[in-house]
Amino acid sequence: MKADSILERLLERGEFVVTSEISPPKSADGTKVREKVRILRGYADAFNVTDNQTAIVRMSSLAASLFCIQEGVEPIMQMTCRDRNRLAMQSDLIGASALGIRNLLCITGDHQRFGNQPQSRNVFDLDSTQQLMVFKRMRDEGELWCGDVMETAPKILLGAAANPFVDPIEMSVIRLSKKIKAGADFVQTQAIFDLDRFQEWYSVIRSRGLEKKTHIIAGVTPLRSYKAAKFMAENIPGMSIPEEVLKRMASAPDEKLEGTKICLERIEVLRDTPGIHGIHLMPINWESVVPEIMERAELLPRPSP
Amino acid sequence: MCVYKTRASLHKRYIVLYVEYINPTKECRYLIIGEQKPLPEIISMIEHEGGTKILIVGCRSCVAVCLAGGEEEVLQLADRLREYSNSTSKGWEISTVTLQRQCEKEFDRGIAKLIENTDVILSLGCGVGAQVLGEVYPERIVLPGINTSSMGAPEGRGKWKERCVGCGDCTIQLSGGICPIARCSKMLQNGPCGGSQGGKCEVSPDRDCAWQLIYDRLRLKGRLDLLEIILPPKDWSKARDGGPRIVIKNTEAGR
Ligand code: SF4
Ligand code: SF4
């Protein structure tokens, strides 16, 4: 075992895993995070803790991940390349591992122009592929990138993000293949609304046998309203919501019900797709729907770790 | 093909710096791109400096090509400053001069008399020109009238695009001759971020995604195989991060 996290154990055992997401608050009050975590405890195997999501400053993912651990929930700490150079990245990984964080998602990060500090500089000392290379060396060889030996190596399961909706598809697949070579033990995808396009992407993934070299966890997001769907489609980089889905949301008498239904339909298809090892349920500002979706998708109770 | 560079080969990587001089007798192929500062900012700099005799120093090289600080722009700015002065009774006396290359000391030395007779020196050269002018007259303050942005090339009429950020470690042979450091909003070296859609960058629909351009170019060359190469963490010590760079060429001047 690389990290002996719950996520790793379940993936190795061949379970269909469920990960979800917690976004830390714009607040220095830890009880806020604890409350969020308590509501979601038991409804997923591990929870991504976002890192200044959409470039909006919030409580650090490291601190919020620690609150998760204290509440008995397994975190997947996210770390963007936007906000840290390689010094900060390596020291944060060492610190995270020492605090008991066992999963980490390496991501590029949305451009700061989307957030609340558009005048800031971005770092991008490393890109997410290089970040994976550095972290893999730290874990497997017990060395920092410069070659210095660490007394104790971090225990960490490394994840990467993939967006099946990036153009061109071939480029998106090559990029993922590089991330896998660089060290991605698991991959979480962008929320899938457009199943046709996802299948197109996935068939290229399979033609290269990539689904056998990592654990692909497919992203899904429940839409709360037509307005929310429209907002996401227009404002979240890399998000792709097809016209047909928007139409369904627009004409639904009960938008929440329709949004949940659309999400459940996708879960059903993805669950039956060979090589997909789980779903990543991103509730984007609608955490309270997670229990219902998990219930109705018959994904409860979660397997014991 | 996939090159996964090990640490050993990483340390042995050989760095070559290319330095090209802008030849003023030929049309500039690439240039330093800058934009004139907004008039109110220029006025407030001049007022803060104080004095009534103002000299605008332009440059006939890059900033002339990008229509920011050449002879024409110098004269236009002088007119606008005179207008302002008249309407506010400032009594400013504006004189102008446009040098062949403000970044070369010989040219700057040639205007010693003019400099002596002015209170305020306003440079319409690039950041380099303004600094060299200031070095030639170290006792004087030189106001920067240009916001220097980048190294780039013209693209159609009145439009210039950044092409290079002088990272000191060029790898564009791997990306179809298109620089991802200068042209991707996130300087990504191993492929596009999740925000690349429809050929456009997530930052703005008026920016092309560099990785779409790279993909198209490599496809045209029949070299999509190059995309599979993993570029290891870059050596940014060759870039500005390593401190100001000095390039010495083995010529008389360099010795
Ligand atoms: S890689 Fe890009 S920034 Fe670096 S020297 Fe080449 S063109 Fe310039
Ligand atoms: S969309 Fe393209 S150019 Fe923009 S940051 Fe992403 S990869 Fe770079």
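Visitor: How many salt bridges does the count come to over all chains?
Guide: The count comes to 37 salt bridges over all chains, where a salt bridge is a side-chain nitrogen of Lys or Arg within 4 Å of a carboxyl oxygen of Asp or Glu. This is a predicted model, in which local features need pLDDT of at least 70 and side-chain atom pairs count only at pLDDT 80 or more, while totals for chains, interfaces and linings use all residues. Residues are numbered from 1 along each chain as its sequence is written, chains are lettered from A and ligands numbered from 1 in the order in which they are written, and side-chain values use heavy atoms, with hydrogens and water left out.

Visitor: Which residue forms a salt bridge with A:Glu292?
Guide: That partner is A:Arg296, with the closest N and O atoms 3.1 Å apart. The two residues are four apart in helix α11 (residues 290–296) of chain A, so about one helical turn separates A:Glu292 from A:Arg296; helices here are DSSP runs of H or I with at least four residues, strands are runs of E with at least two, and both are numbered from the N terminus.

Visitor: And how many salt bridges between chain A and chain B?
Guide: Between chain A and chain B the count is two. A salt bridge joins the side chains of A:Arg208 and B:Glu228, at 2.8 Å from N to O.

Visitor: What about the interface area, how much is buried between those chains?
Guide: About 3,200 Å² is buried between chain A and chain B, and carbon and sulfur atoms give 53% of it; buried area is the accessible area (1.4 Å probe) that two parts lose on being put together, summed over both. On the chain A side, the residues that lose the most area to chain B are A:Met133, A:Met171 and A:Lys178, together 18% of what that side buries.

Visitor: How many residues of each chain are in contact?
Guide: In chain A 40 residues are in contact with 35 residues of chain B, contact meaning heavy atoms within 4.5 Å.

Visitor: Switching topic, what surrounds ligand 1?
Guide: The surrounding residues, each with a heavy atom within 4 Å of the ligand, are B:Cys164, B:Val165, B:Gly166, B:Cys167, B:Cys170, B:Thr171, B:Ile172 and B:Cys179. That shell divides into six nonpolar, two polar and no charged residues, with Ala, Val, Leu, Ile, Met, Phe, Trp, Tyr, Cys and Pro counted as nonpolar, Asp, Glu, Lys and Arg as charged, and the others, Gly among them, as polar.

Visitor: Last one, how many helices and strands in chain A?
Guide: Chain A has eleven helices and eight strands, and its C-alpha trace spans about 60 × 50 × 45 Å along its principal axes.
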